[in-house]
Amino acid sequence: MSLEVDWSRPMWPPESARTPDGWQPWLFRVERVLPGALLAVATVVTLGVGGHDARWWAITGALVAAAALWVLGTVVLAPPRLREQPAFALLTFLGVIGLGSALEVRDITFLIFMIFAFLAAMRLRPTWLAFAALAVTSLLINTLGNGGPVHALRERPAIWITIIVVQTAAIGGGGLLSTAIARQNEERRRMLDDLAAAHAENEGLQRQLLSQAREAGILDERQRLALEIHDTLAQGFTGIITQLEAAALAQDEPAEWQRHLESATALARENLTAARRSVHALHPEHLDSATLPEALAGVAARWSARTGVPAAVTTTGVARPLHPEIESTVLRVTQEALSNVDKHAAADRVGLTLSYMDAEVTLDVRDDGAGFVPGPGPGFGLPGMRRRVQRLAGTLHVESEPGGGTAISAVLPAVPAPPEASA
């Protein structure tokens, strides 16, 4: 962000002192009190010095009263929005510089009040007018006590011009620089506020997304259980009933009766195992006491022990706690992918890679099995995985070909775990 000067804005008050409704209250109070205080101090000092006749005091008192009334009308009682108008600011300056000059001619101590003219000059727009007013104020303050501007410039022009130029440049340049810095700081503050608002909005959207995903996950589990009941338990019970009915018809043939009874018993055990597996899959208890990489390694090890197919797990990047919905989805995708390998791939080996990146976490599952032609199918596995991932604003990619194995890649946002979950 570059430091740029806005030549269309007044040098006073600084941008950091402004609010949507006007100035900061403290600055408004200070500027209302300042000119009156300077005028009072100058008057008291003049009274203390004394040495003037009654006529002098009458004229000076009238000028002091006029200056006080001018300050009261244009500074103390005038609302801030009116004072910000260019024409009113110019009128205020002309009154202050005119009355202040008249008072300084009467007594040099009134240059104390003339100091306020610098502040009034910095309110003027455009900037060239403010610099001209600063130069005039500097000229009058420095020369009225030395015979006036004409006399001073005639006697020592180089000295007085140098003083006026340096003073004008210092006050005006400092005002421009402070205003530019204040505006830059205000822009930075607004940018930080916008970023904070965007971050808060993003967190809110993430929470909403995760809540919706949780609800959708419950529906998915219900659909999965319905399919499993239809595909395994219902078919198994049908087979049991068929075997028991066949055993009833073969009561006169002990060997045949025993065979049907043993088949029914085996089917019942298989159904019990399938029912336990369905209930077991309702909650990823592997994550209750282990990190996500440890849970994946445990799932892969148990799967290898059951199927006899080696499954290697690799973790890249810096592992960190993620939101429970994210970790649960990664684990579910892993379980479903390994289940598909067991059912369909006839693979010799499987590789799983969990990768932690700045904004994403990815899971890659590759096997060297039979492969297939990707496309819509009747199964629940791939569509279910895709729905799980997409509900968390993730993506699922499947690459496969007959005889070439299969690669499944799930990409999810790396939403950090909430404090209560990671504590």
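Predicted model: local features only at pLDDT ≥ 70, side-chain atom pairs only at ≥ 80, totals over all residues.
Start with the whole protein. The model contains 13 helices and 7 strands. Of its 423 residues, 39% count as buried. Take the contacts between residues at least 6 apart in sequence: 70% of them join residues at least 24 apart.

Next, the annotation. An unreviewed UniProt entry marks residues 33-49, 56-78, 90-121, 128-145 and 157-182 as "transmembrane region". How do two of these spans look in the model? Residues 33-49 are 100% helix and 0% strand, with end C-alpha atoms 25 Å apart. Residues 56-78 are 91% helix and 0% strand, and their end C-alpha atoms lie 31 Å apart.

Now turn to helix H4, residues 86-106. H4 has 21 residues. From first C-alpha to last it reaches 30 Å, close to the 30 Å expected at 1.5 Å a residue. Its buried residues include Phe88, Ala89, Thr92, Gly95, Val96, Leu99, Gly100 and Leu103. Phe93, Ile97, Ser101 and Glu104 are also among the buried residues of H4.

Which way does H4 run relative to H6? Angles under 35 degrees count as roughly parallel. The axes of H4 and H6 (residues 127-143) cross at roughly 10 degrees and come within 11 Å. The two helices are therefore roughly parallel to each other. On the H4 side, the contact is made by Leu90, Phe93, Ile97, Ser101 and Glu104. H6 contributes Leu129, Ala133, Thr137, Leu140 and Ile141. By type, the contact residues divide into 7 nonpolar, 2 polar and 1 charged.

Methods: Residues numbered from 1 in each chain as written. Heavy atoms only, no water. Axes fitted to C-alpha atoms, helices over the stretch in contact; angles between N-to-C directions. Helix = DSSP H or I, 4+ residues; strand = E, 2+ residues; numbered from the N terminus. Parallel < 35°, antiparallel > 145°, perpendicular 65-115°, else oblique. Contact = heavy atoms within 4.5 Å. Nonpolar A, V, L, I, M, F, W, Y, C, P; charged D, E, K, R; others polar. UniProt positions renumbered as here; feature names shortened; annotations may be inferred. Expected span 1.5 Å × (residues − 1). Buried < 20%, exposed > 50% of the residue type's maximum accessible area, 1.4 Å probe, protein only.
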